[in-house]
Amino acid sequence: MARKTMAFYPPTPVVITPEHQLRVEIGPLYVACSITDKQSIYAFEFFELDNDINDWSDVFFEIKSNSVLLDKYSGNIDLCYNFREALIIPAEKMNSAAAADFLSLVYGESQRHEQKTDKLADSIAMVNSYRIKKTILDQAVRHFHLFQGHHIYTKILNRLFARQDMPEALLQVQVYPQSFIAVLMINGQLHLIQSYNLENATDLCFYALSILREHNLTPERTSLEMSGFIEPHGELHQQIQQVFPNRSFINPGESVLMPEMLESHHPHYFTPFFNPIV
């Protein structure tokens, strides 16, 4: 149900210090655990999940049983949710009842989820309202003594709005097992952030072109930035190369990563999971 497909540890036994931060990111088909300090990744684990999860308690039990990191960390965990049931709402339109109505209109009614809200950076007059399955929250409370939860869209948008080098039209994609997140920024303003299924290499280009068409953009006028599970010589990247002439990988910098990571993967693989302490 939960298979550890990547694991990178320091050459000496794992020792957690007060400067370290444990980040656990949970998506529909993966869980990533990373320990970082202010400058670099200290350890990293990636678990892929089966596509037929019936009981998240089994998932948490298997991951905790096979993780070298979770049992060694006793501080406050940075818990990141990567699920599609999220909406960015203008702050002046935001209240609990309105957010619940918006989420129900877009994603349907649900008694199995709990509604959460993240406030974006002070300079951004928007909030991120989202839903998380109650079973996931129950297991987080059970297995993590201290944690601070937030949605992945919040981190992505705070970083984008803090940039000083924003292209006029920017499409950014983060690729995960069987899904990806797309963000469209035009003239420094957010026009879209959404998660999509990714069943084959054609899907990403199809959705990306549909996004551009809806906003009267062309690939030639759009800068595409990529990170995550994209093989530079794989079919997915080959199709992207045929469509987007202005493209680049988002790399965290080789000094941030462990040497073993660079021996087996390209730096952009780990960009979505690196969350330095600021």
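This is a predicted model: local features need pLDDT of at least 70, side-chain atom pairs count only at pLDDT 80 or more; totals for chains, interfaces and linings use all residues.
Visitor: Is H268 buried or exposed?
Guide: Leaving aside its neighbours within four places in sequence, H268 is in contact with several residues, including M226, F249 and P252. Since buried means under 20% relative accessible area, H268 counts as buried because its relative accessibility is 2%.

Visitor: How many aromatic pairs does a search of the whole structure find, and is the pair of F180 and Y207 stacked, edge-to-face or tilted?
Guide: The search of the whole structure finds 21 aromatic pairs. In the pair of F180 and Y207, the ring centres are 6.3 Å apart and the planes stand at 50 degrees, so the pair is tilted.

Visitor: How many residues apart in sequence are the parts that F180 and Y207 tie together?
Guide: F180 is buried, at 1% relative accessibility, whereas Y207 is partly exposed, with a relative accessible area of 27%. Because F180 lies in strand β11 and Y207 in helix α5, the pair ties together parts whose separation in sequence is 27 residues.

Visitor: Which residues make the nonpolar surface patch of about 310 Å²?
Guide: One of them, L105, has its place in helix α2 (residues 96-107), and L105 counts as exposed because its relative accessibility is 73%. The patch is made by F102, L105 and V106.

Methods. Residues are numbered from 1 along each chain as its sequence is written. Side-chain values use heavy atoms; hydrogens and water are left out. Patches are made of residues with over 30% relative accessible area and no salt bridge: like charges are joined within 9 Å, nonpolar side chains (Val, Leu, Ile, Met, Phe, Trp, Tyr) within 5 Å. Accessible areas come from the Shrake-Rupley method with a 1.4 Å probe; for residues, only the protein chains shown count as cover. A salt bridge is a side-chain nitrogen of Lys or Arg within 4 Å of a carboxyl oxygen of Asp or Glu. Helices (H or I, at least four residues) and strands (E, at least two) are DSSP runs, numbered from the N terminus. Buried means under 20% relative accessible area, exposed over 50%, partly exposed in between (1.4 Å probe, protein chains only). Contact means heavy atoms within 4.5 Å. Rings of Phe, Tyr and Trp (its six-membered ring) pair if their centres lie within 6.5 Å; planes under 30 degrees apart count as stacked, over 60 as edge-to-face and the rest as tilted.
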